[in-house]
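The sequence and the model are shown first.

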Amino acid sequence: MARSGGPTIDEVAAAAGVSRATVSRVMNGRASVARDIAERVRVAARDLRYQPSRVARSLSLGRTNSVALVVPDLANPMFQQILRGTMAAAAPHDYRVLVADTAENTADEAEVALEARQRCDALVLAAPRTSEDELLELLPRLEPVVVVNRLVPGLTVPTVRVDYAAGVRSMVDHLVALGHRELAYVAGPRSSASNGLRARALDDARERHPGLRVTTVPCGPTVDAGYRAADAVLATGATGVVAFNDLVAFGLLARLNEAGVAVPGDISIGGFDDIELARYATPSLTTAAVPQADLGRRAWELLHARVLGTERTRLGAEGIAVHVTPGLVVRGSTGPVPPARRLGVTSADLAGRAHARDDTVRARWRPVDDDWVLGVGDDRPLGRYSRGEDMPGVHSPRPFLHPVHSAQGVAMTTKSPLDHRHHYGVSMAVADVDGTSYWGGRTYVRDQGPTLLANHGRQEAGRTEVSDDGATLTQQLRWLDERGGVQLTEERRLTAVVLPEVDAWALGWHGTLHAGDADVEIGSPATNGRPGAGYGGWFWRLPSGDEAYALSPDRGGDVHGSRTRWVAVVRRSGAAWTTLVLAQPSGEPDAWFARVGDYVGLGPAIAWDAVRTVPSGSSLEVDVVAAVVDRRLDIAGAGDVADLAVGRVGAAQQS
């Protein structure tokens with residue numbers, strides 16, 4: 001009869017020339033066998049490919065060579081990493097790790113832990129939710145046992161603990177340094193001891209940072225809990241959030257994105273743990289990083305010493321408790337306190353009354369006759385966008401915005417003024433596209449000066465649509481030269497948002513200009529020989545008013561020719577002050593063409609001092625965000641409004 005199964009212990013004993021008992025002692029790792037005999041047994045076992053029975057070995061040794069890990073929620077990547085670290089550390093010692101999940105059910109935790117301990121040699125109890133009194137009764141029945149993330153006074157149970165207070169402290173200090181003074185703590189389970197430690201650390205933070213307000217929002221430990229808590233978080237008015245863990249932060253990010261709330265533009269979010277997906281969130285998550293796998297490794301070291309009865313000699317009298325300190329990882333989900341909150345106190349120099357933020361107040365486009373009107377409701381018009389087909393040919397017909405008003409009704413544009421008849425509110429007016437003028441009026445000719453030429457092109461508007469719940473007007477255009485030939489095609493998008501917190505509204509103007517089969521060269525009077533006259537591109541012509549001056553991030557007064565991210569013009573009309581803030585939100589900024597003396601007008605210049613070439617088949621992007629503010633701003637305030645406007649327009653376009 002053929003033999004079934006692998007080689008037996010008797011065959012190994014015969015091959016090694018020893019007794020069956022000697023083979024058993026060698027296979028079980030006992031030190032009572034001489035070294036040369038033990039090596040002979042191991043060689044025989046290896047040659048025969050002998051594997052001892054784990055069941056028989058367990059019966060012989062009185063142990064299973066397995067330990068159990070009990071966690072509250074294995075779906076949480078934090079506990080997955082603790083399991084991974086424990087398994088990696090136990091494997092070289094020929095121990096297996098079994099896992100039990102209590103599903104955040106505190107009532108079942110003791111029963112699950114006791115059952116797991118009966119099947120294994122020892123136990124790692126991770127983040128238990130059971131009360132302190134119940135743990136005092138339970139833990140002696142689980143020996144040998146190690147506890148992760150829980151201190152039990154009165155017992156000498158080895159523990160591995162995260163310094164949650166240090167993690168929360170570093171997160172709060174980070175947010176406070178960014179200017180945040182109103183925070184929300186999105187809390188974990190009430191039964192979680194680490195949740196209590198976080199809460200106490202936040203109490204300490206209030207004492208360290210006078211004026212800091214922290215509102216606790218009940219939540220839980222999961223993505224879904226964070227998602228459901230987002231509306232309550234927004235209701236607190238907080239500008240920064242400390243989430244119980246990264247999963248809660250993920251849920252917040254998802255819901256805030258759906259609601260069109262910009263992170264970190266409107267609110268900053270910080271997590272805890274630094275699970276693997278934290279860096280891949282949108283935006284990437286700032287978090288207190290815990291070396292999670294290291295928790296499992298250290299728990300195994302304590303447990304193994306406990307099993308061998310050597311924890312004090314190996315770890316020292318005070319080594320029975322191991323502390324792990326989180327490190328702050330700063331990523332994209334946290335930023336400075338939102339500009340609207342920094343500008344929450346309205347100055348005295350107003351055109352009208354300040355508003356509290358009301359997300360139901362929206363700017364919308366609607367067709368009127370053959371134009372489109374932008375307004376808030378039916379009684380607050382902000383601007384009118386016209387096709388420009390009735391403009392005189394010498395003015396280079398093109399679509400334009402006029403009239404444009406502030407939220408309180410102050411005029412912000414002028415059309416065909418006496419000083420420059422070809423200026424029309426807000427438009428794309430380019431002085432030289434392969435010799436064709438889309439600026440209007442005279443063309444600067446080298447060695448001759450401004451000359452009226454028959455070179456005026458026109459921008460022909462095509463399909464026009466409204467989207468984003470009325471906030472965005474999208475238009476297709478063709479740029480036709482004086483002979484009717486197509487030089488460029490354009491996709492134009494105008495998106496408007498209301499900024500009631502700062503008595504303002506904002507407009508994002510984005511144009512993509514496509515070159516066809518040939519390269520297109522864009523020039524200006526400056527590139528044709530007139531220094532400082534690099535005008536041509538997106539241009540806003542304002543009424544002169546009674547007083548006007550310009551601002552930029554690093555200077556006031558003359559900003560002409562500067563290449564800064566934003567510029568502003570502050571104007572007074574009678575007793576009403578307004579500020580127009582213009583920003584270039586993407587790429588390297590073009591030089592600003594700015595006039596506030598003989599007239600008031602400004603915009604980024606496409607060809608300031610060098611010809612701009614748009615290669616055949618490629619595109620040129622024109623991207624400007626404008627904010628119309630019913631107050632006089634200083635340099636810091638104008639910069640804050642620029643940030644706010646860019647963030648809100650971007651969020652509106654993505655929603």
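Two strands count as paired if DSSP finds at least two bridges between them. With that criterion, the predicted model contains an open sheet of six strands, whose order is 2-1-3-4-5-11 and whose pairing is parallel. Strand 2 (96–101) and strand 11 (321–324) each have a single partner strand and stand at the edges, so one side of each is left without a neighbour in the sheet. On average, and with direction ignored, neighbouring strands of this sheet are turned by 15° against each other.

Within the sheet, strand 3 and strand 4 pair in the parallel sense over four bridges, and V124 stands opposite V146, which belongs to strand 4. Helix 7 lies across both strand 3 and strand 4, and runs at about 150° to strand 3.

| Element | Residues |
|---|---|
| Strand 3 | residues 122–126 |
| Strand 4 | residues 145–148 |
| Helix 7 | residues 132–142 |

The largest nonpolar core holds 69 residues, of which L69, V172, V233, V241, L252, I269 and L295 touch the most other members. Helix 11 (residues 246–258) contributes seven residues, the largest share of this core.

Which residues is L69 in contact with, leaving aside its neighbours within four places in sequence? The contacts of L69 are I82, L83, V97, L98, V99, A100, V124 and A126. Among them is V124, the residue that stands opposite V146.

Note on methods: Residues are numbered from 1 along each chain as its sequence is written. This is a predicted model: local features need pLDDT of at least 70, side-chain atom pairs count only at pLDDT 80 or more; totals for chains, interfaces and linings use all residues. Side-chain values use heavy atoms; hydrogens and water are left out. A nonpolar core is a set of buried Ala, Val, Leu, Ile, Met, Phe, Trp, Tyr and Cys residues joined through side-chain atoms within 4.5 Å. Buried means under 20% relative accessible area, exposed over 50%, partly exposed in between (1.4 Å probe, protein chains only). Helices (H or I, at least four residues) and strands (E, at least two) are DSSP runs, numbered from the N terminus. Contact means heavy atoms within 4.5 Å. Axes are lines fitted to C-alpha atoms, for helices over the stretch in contact, and angles run from 0 to 180 degrees between N-to-C directions.
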